[in-house]
Amino acid sequence: FFFQAEDGIRDAQESRGLGDVYKRQEEEQQKNVAEVIQNTKNQLLNPYYNDINVDIFNPIIIMKPTPDSDEWIEVQLGRILIVNKQEKNEQRLLKAGKKVFSYLPELTKIPCDAYEITFFDMSFKLVRRGQKFNMSQPIRFNLRIEMTSLSRLEDLYKDLRIDYTTVIKGRLQPIMLTVSKADFVLIMKFINFNITYDDGQDRL
């Protein structure tokens, strides 16, 4: 049989039966599923990666009790190294059904970005009338931040759960400060000034 087009022109092609329509829909659905699976495989095998390697030497933080003070505390941050690397984490896969695994055996190892921030030879110094005094021994501090680079796959796969938590771990050696009574008073002045001082920046 024939059908009438919306513009009034008769289509000379015979209409397809419902079986053909369902078959075409099924083929399109299978094609979409195959594309989703392939995209997921690409994420697992070739994940997006940020290549970071930053080396910063001796930035200094100056902490004064008042802007015009002739004595202050310097935090010398020493050398700061920021790098990242790509890792595979087996602990982040919380749940995966057999059907999902049959499609994606690569799920056993979830790609993650691991950022390492390390402070070498960080120290505290007291500056009083132009002279510097050591308040601490060199300090080393390490911060590690791990996060997965995968998109939210649970929206695509029913029987799948992945741990997307950002994991932050830090290591800091014991800090020994040598502080006199006058140094302690200076530190308290600095803290009080920074708590009570209004620089007006929040009204810009």
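Guide: The protein has three helices and ten strands, where helices (H or I, at least four residues) and strands (E, at least two) are DSSP runs numbered from the N terminus. This is a predicted model, in which local features need pLDDT of at least 70 and side-chain atom pairs count only at pLDDT 80 or more, while totals for chains, interfaces and linings use all residues. Residues are numbered from 1 along each chain as its sequence is written, and side-chain values use heavy atoms, with hydrogens and water left out.

From the N terminus on, the order of elements is α-β-β-β-β-β-α-β-β-β-β-β-α. Of the 204 residues, 31% count as buried; buried means under 20% relative accessible area, exposed over 50%, and partly exposed in between, with a 1.4 Å probe and protein chains only. Among contacts (heavy atoms within 4.5 Å) between residues at least 6 apart in sequence, 66% join residues at least 24 apart.

Helix H3 spans residues 181-196, 16 residues in all. From its first C-alpha to its last it reaches 23 Å, close to the 22 Å expected at 1.5 Å a residue; the expected span is 1.5 Å times one less than the number of residues. Asp183, Leu186, Ile187, Phe190 and Phe193 are the buried residues named in H3. They cover an arc of only 130° around the axis, and therefore lie on the same side of H3; the arc is that of the directions from the helix axis to the C-beta atoms. An α-helix has 3.6 residues a turn, so residues three or four places apart point the same way. Lys181, Ile195 and Thr196 are exposed, on the face of H3 turned away from its buried side.

What covers the buried residues of H3 includes strand S2 (60-63), strand S3 (71-76) and S6. Strand S3 contains Glu74, which is buried at a relative accessible area of 6%. Its side chain makes a polar contact of 3.1 Å with the side chain of Gln76. Such a contact is a pair of N or O atoms within 3.5 Å; within protein, one must be able to donate a hydrogen and the other to accept it, and residues adjacent in sequence count only if both atoms are side-chain atoms. Leaving aside neighbours within four places in sequence, the residues in contact with Glu74 include Ile60, Ile61 and Ile62, and also Ser123, Phe124 and Lys125.

Strand S6 (residues 110-128) holds Phe119, and strand S8 (residues 139-148) holds Phe141, 22 residues apart. The model has one aromatic pair. Rings of Phe, Tyr and Trp (its six-membered ring) pair if their centres lie within 6.5 Å; planes under 30 degrees apart count as stacked, over 60 as edge-to-face and the rest as tilted. The ring centres of Phe119 and Phe141 are 5.8 Å apart and their planes stand at 35°, so the pair is tilted. Phe119 is buried at 16%, whereas Phe141 is partly exposed at 23% relative accessibility.

Asn142 also lies in strand S8 and is buried, at 8% relative accessibility. Its C-alpha atom is separated by 4.4 Å from that of Thr118, 24 residues apart along the chain. The side chain of Asn142 makes polar contacts with the side chains of Thr118 (2.8 Å) and Glu116 (3.2 Å).
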